[in-house]
Amino acid sequence: MSSLKTFLQTNAWLALVIAAVAFGLYQFVEPAPPQEITLATGNEEGYYHALGTYLKNGLKREGVDLKLVSTAGSSENMGLLTDPQSAVSIAFVQSGVERVVDTGEVILTSLGSLYYEPIWLFHHRGIMLDTARDLNGLRVAVGEKGSGTRAVASYLMAENGLIDQENGLVVVEAGGEQAVELLRSGEIDAAFFTVSPRSETIQALIDMPEIDFLDIRRSPAYTARYPFLSSVPITEGLLDLKRNIPPEDRTTLASTATLVVNDRFHPAMTPLILELLSRRLGNGGILERPGEFPSARNVGFDLTKEAAHYFDKGAPFLLRFMPFWAASLVDRLIIFVVPLLVIIIPLIKLAGPLYRWRIRSRIYTWYRHLQEIERRLTEGRIDNLAEERRRLDVMTKELAAVDVPLSYADELYELKEHVEYVRGRLEPGMDAKPEATTS
């Protein structure tokens, strides 16, 4: 039998142990990130869709195909996230929507907040509004069905006791350009909007001299009661410096745009997406300070552990120097290979001793027979010397067939010498049992 074959046979158990350990560790390794994910945005004219397009282009360079699904807004996005038949695994959601949308048993988590979404209440100047409570009896557009504006506006009006009142306000489900036109035509008295100060919607509204927006004087009370809201200053001239709009400092409320994911979202995508958003949003905006977003604050759902790690430690080390696919592969290999080596290296160290033991066992097992013969010879318990010599002859023939590596040949030859030594002691007259004598 060759040395290699002997070595492999001796240590076959090691291969079984390695296979079992590898199988066990593999259970803890995340599957490879998908090459395609689906993001629910908003209407194609809104910033959600524009930001989604930016992510699509950025992810494409990393080998990931991002599918964009246009929707009415946050409420519809939440529905897609909780629908088991939907392919959507990530969506833009306005903070606060989670308070009015039932997610059922589906667990949703957040990747962070992205920017402020001011909540504007525009109204005709002829209507005297001091607080949101004064909307009672008016015709108010609250946003499209399925939009975040609709959800948050309904929530705020309910908190001010405006829902289900006798002779209460008339709710009109309209938003965006439709709500602007209804205000322009006088078909409604006021409208909620959730848009950027630089949006075309705001520009259209401030171009109408008969339209103004409400100064939310009680904003500290709202933000104290509802953590998902922020108080945002709309300083003098912020909307239009030339015309000095507004003519004095005002305050409005703002929710935040957030990224929400379900359990279909692969966690390895988190740092890549947040890195792309940091490049786009990190310089700040008209309401956001540089470096303020993406942020772990003002999120409606708990952060994923990967997002929390990103905001605490920054981008993973490997992602800073490698393409996403390579960094992901190395990261998964580290999780798998390092523990495997920690377990296997000590086991491999046993392979050599076990091999040596196996080889020497072919030699040393014969010494048990020689010791037994010598013991009986010394004690005078051998009755048939010819039979013992025959057994040694058989042993000699069997030893001739024993194959050991050259490094162990000296031990085999020593054994053969010892066989001859014992054979010599079995010669007639040597160490034989003495005969009884008579006096």
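Which residues is Ser147 in contact with, leaving aside its neighbours within four places in sequence? They are Ala72, Gly73, Ser74 and Ser75, where contact means heavy atoms within 4.5 Å. This is a predicted model, in which local features need pLDDT of at least 70 and side-chain atom pairs count only at pLDDT 80 or more, while totals for chains, interfaces and linings use all residues. Residues are numbered from 1 along each chain as its sequence is written, and side-chain values use heavy atoms, with hydrogens and water left out.

**Overall make-up**
- The protein has 14 helices and 10 strands, taken as DSSP runs numbered from the N terminus (helices H or I, at least four residues; strands E, at least two).
- Of its 439 residues, 45% are buried, meaning under 20% relative accessible area with a 1.4 Å probe, protein chains only.
- Among contacts with a separation of 6 or more, 76% are between residues 24 or more positions apart.

**Ser147 and α4**
- Ser147 sits in the loop between β5 (139-141) and α5 and is buried, its relative accessible area being 8%.
- Helix α4 is largely enclosed by the rest of the structure, because 7 of its 9 residues are buried.
- Those buried residues are Ser74, Ser75, Asn77, Met78, Leu80, Leu81 and Thr82.
- They pack against β1 (36-40), α3 (47-60), β2 (65-69), β3, α5 and β10.

**Largest pocket**
- The volume of the largest pocket is about 900 Å³, a volume being the space filled by probe spheres set on grid points joined across faces, edges and corners.
- A pocket is an open set of points on a 1 Å grid over the protein atoms alone, where a 1.4 Å probe fits, with protein on both sides within 12 Å along at least five of seven lines; lining residues have an atom within 4 Å of a point.
- Of the 35 lining residues, Asn43, Gly46, Thr194, Val195 and Thr201 are the closest to the centre.
- The most lining residues, 5, come from α6.

Key
Buried < 20%, exposed > 50% of the residue type's maximum accessible area, 1.4 Å probe, protein only.
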